[in-house]
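Here is a colleague's note to read beside the model. Please keep the viewer open and turn to each place as it comes up.

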Amino acid sequence: MKQVNISVPVLNQVIYTNQNVEFAVKDSETEIYEKIHRIEQFTYHFRKIKKSHLQRYLSQAQIEFIYQTIADRCVTPFWKDHLLGLGIDRIELIKGFMCYDCNTIAPHVYGGWRCTTCSKKVNDMLYQNVIDCFLLNSATLNVAEIKAFLNLTNSRQVLSYMNKLGIKSEVAGRERVFISPIHSRNN
Ligand SMILES: [Zn+2]
């Protein structure tokens, strides 16, 4: 964060998943309880934390930068088939543009996307949707694959959105191949 001059509050939290874990703290350290949660309680605490930090600290570009840096560290240098490891068949994936606030598919309307669950325009989630497309499918994707995954109606839309996000591409044989910005170019 310091390197890129981004300042955000950092909260230490311990989440434990083993139900048999028990812990005790001294009377003078009871505030520690606020930082240690069972996995079942975490979403409740997360919402509480979110409520107490309503100020927006980061611009969309900064969020994308951090997202990309973290994803980069987790996936570089190799693309990995996460679905295979989880035993999920690729055809089981729900196709379309995801509203990450509601985890539902948002329909394409008037050159963008509007989520019918939260009624918000969710065009700013395009980058994350495209990154998920690479993460779940391959480090390189052709127009047809992106079109199918995001459930777009034509190839022109794919080209225009990839261009808007600055996703690099190369011509391989007779088709254009887009390259994941978070995976190594050598693989
Ligand atoms: Zn939504």
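**Notes on the model**

1. In soluble globular proteins, nonpolar side chains tend to be buried together.

2. A word on what you are looking at. This is a predicted model, in which local features need pLDDT of at least 70 and side-chain atom pairs count only at pLDDT 80 or more, while totals for chains, interfaces and linings use all residues. Residues are numbered from 1 along each chain as its sequence is written.

3. Now the overall picture. The protein chain contains six helices and nine strands; helices (H or I, at least four residues) and strands (E, at least two) are DSSP runs, numbered from the N terminus. The C-alpha trace spans about 70 × 40 × 35 Å along its principal axes. Of the 187 residues in the protein chain, 12% are buried. A residue is called buried if 20 or more other C-beta atoms lie within 10 Å of its own, exposed if 12 or fewer, and partly exposed in between, with C-beta atoms placed from the backbone.

4. The protein chain is divided into domain 1 (1-57) and domain 2 (79-179), with bounds that come from an automatic or database domain assignment. The C-alpha centres of domain 1 and domain 2 are 32 Å apart.

5. Which residues does Val122 touch, leaving out those up to four places away in sequence? They are Cys99, Ala106, Trp113, Arg114 and Cys115. Two residues are in contact if their C-beta atoms, placed from the backbone, lie within 7 Å. Across the protein chain, 48% of the contacts with a separation of 6 or more are between residues 24 or more positions apart.

6. Next, look at how helices meet. Two packed helices are described by the angle between their axes and the distance between the axes. H4 and H5 pack at an angle of about 110°, with axes 10 Å apart, which makes H4 roughly perpendicular to H5. On the H4 side the contact is made by Asn129, Cys133 and Asn137, and on the H5 side by Glu145, Ile146, Phe149 and Leu150. Axes are lines fitted to C-alpha atoms, for helices over the stretch in contact, and angles run from 0 to 180 degrees between N-to-C directions. Angles under 35 degrees count as roughly parallel, over 145 as roughly antiparallel, 65 to 115 as roughly perpendicular and the rest as oblique.

7. H5 also packs with helix H6 (residues 155-165), at an angle of about 95° and with axes 9 Å apart. H5 and H6 are therefore roughly perpendicular to each other. Here Val143, Ile146 and Lys147 in H5 meet Ser155, Val158 and Leu159 in H6.

8. Two residues deserve a look at their backbone. Most residues other than glycine have a negative phi, and most peptide bonds are trans. Tyr110 is not a glycine, although its phi is positive, about 45°. Tyr110 sits in the loop between strand S5 (108-109) and S6, and counts as exposed because it has 7 C-beta neighbours inside 10 Å. Ser119, also not a glycine, has a positive phi of about 60°. Ser119 is in the loop between S6 and H4 and is exposed, with 8 other C-beta atoms within 10 Å.

9. Lys120 lies in the loop between strand S6 (112-113) and H4. With 16 C-beta neighbours inside 10 Å, Lys120 counts as partly exposed. Lys120 and Cys99 are 21 residues apart in sequence, and their C-alpha atoms are 9.1 Å apart in space.

10. Finally, compare sequence with space. Ala71, in helix H2 (residues 60-75), is partly exposed, with 19 other C-beta atoms within 10 Å. How far apart are the C-alpha atoms of Ala71 and His183, 112 residues apart along the chain? They are separated by 8.9 Å. Leaving out residues up to four places away in sequence, Ala71 touches Ile131 and Ile182. Gly85, in helix H3 (residues 82-86), is 24 residues from Ala61 along the chain, and their C-alpha atoms are separated by 32 Å.
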